[in-house]
Amino acid sequence: QQARIRHEVEENLVQLFAPEDEALRTTITATKEAGLPAIHINPLQGKLLQVLAAACNAQKILEIGSLAGYSGIWLARALPPTGRLITLEVSPAHAEVVQRSFEQAGVADRAEVRVGSAHESLPQLVDQAPFDLVFIDADKPSYPHYLDWAIRLSRPGSIIVADNCIRAGQALSESALDDQGAAGLYQYNLQTLKHPRLRAIALAMDEDYTDGFNIAVVLPEA
Ligand code: SAM
């Protein structure tokens with residue numbers, strides 16, 4: 001009963017606030033056809049990223065972890081025509097799908113996928129900083145490292161969002177420490193809470209209320 005109500009509410013929310021168009025649906029089909037896992041964000045998360053992009057007047061957005069470009073399309077569409085999305089993807093096969101997704105969604109003029117591990121790509125972005133919005137959605141053990149870079153590449157007022165920061169509670173406590181991925185997420189949450197230049201919250205956003213974003217705003221230096 002509860003699960004049915006949650007499902008209906010979710011469907012109504014998506015229909016009202018975040019309906020998918022042809023390009024987004026095509027990207028999901030392309031994800032399946034390329035044999036990639038369906039681990040993209042959901043439409044409400046896509047819309048939340050757009051609201052956050054508007055809140056920080058985003059002209060430049062950085063994404064870490066592109067998969068097939070689904071979240072990238074939501075992000076690119078939040079930009080003005082002169083804006084820029086750079087999305088980092090370690091897998092050349094995924095990046096090919098991303099490029100096609102951006103083209104069929106009509107955002108290839110402002111969205112660029114860079115192939116390679118984010119560990120190597122991030123230091124090359126210093127010249128293009130600051131980014132107004134950073135979205136982290138790649139390998140979980142590296143999240144604390146990506147947070148350091150996100151802060152370095154941001155400005156006061158930038159927003160840093162990371163996906164999967166609840167993981168059915170595994171990312172919220174010490175007990176995570178025996179699982180590398182969950183431990184990275186727990187450290188990430190702690191870092192966002194302890195860092196003097198961040199104000200952060202984690203929000204459950206999926207249908208069964210077990211996972212969601214950590215959203216952190218970069219504060220001015222004291
Ligand atoms: N943000 C995407 C969306 O919602 O549509 C989903 C991203 S998926 C959860 C994670 C992606 O991160 C995968 O495509 C994976 O290949 C990529 N990835 C994993 N490790 C990476 C690394 N070190 N550098 C860059 N990308 C990485």
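**Ground rules.** I'm working with a predicted model, where local features need pLDDT of at least 70, side-chain atom pairs count only at pLDDT 80 or more, and totals for chains, interfaces and linings use all residues. Residues are numbered from 1 along each chain as its sequence is written, and side-chain values use heavy atoms, with hydrogens and water left out.

**Strand β2.** I looked up residues 84-89, and because five of the six are buried, β2 is largely enclosed by the rest of the structure. (Buried is under 20% relative accessible area with a 1.4 Å probe, protein chains only; strands are DSSP E runs of at least two residues, helices H or I runs of at least four, numbered from the N terminus.)

**Its partners.** I found β1 (residues 60-64) parallel to β2, joined by five bridges; strands pair if DSSP finds at least two bridges between them. Lys60 has Arg84 as its bridge partner. On the β3 (residues 111-115) pairing, also parallel with five bridges, I noted Leu88 with Arg114.

I read the largest pocket at about 570 Å³. A pocket is an open set of points on a 1 Å grid over the protein atoms alone, where a 1.4 Å probe fits, with protein on both sides within 12 Å along at least five of seven lines; lining residues have an atom within 4 Å of a point. Volume is the space filled by probe spheres set on the points, which are joined across faces, edges and corners. Of its 33 lining residues, Ile39 and Asp137 are among the closest to the centre. I put the second largest pocket at about 160 Å³, and helix α1 (residues 2-17) gives the most to its lining, with four residues.

Terms used. Buried means under 20% relative accessible area, exposed over 50%, partly exposed in between (1.4 Å probe, protein chains only).
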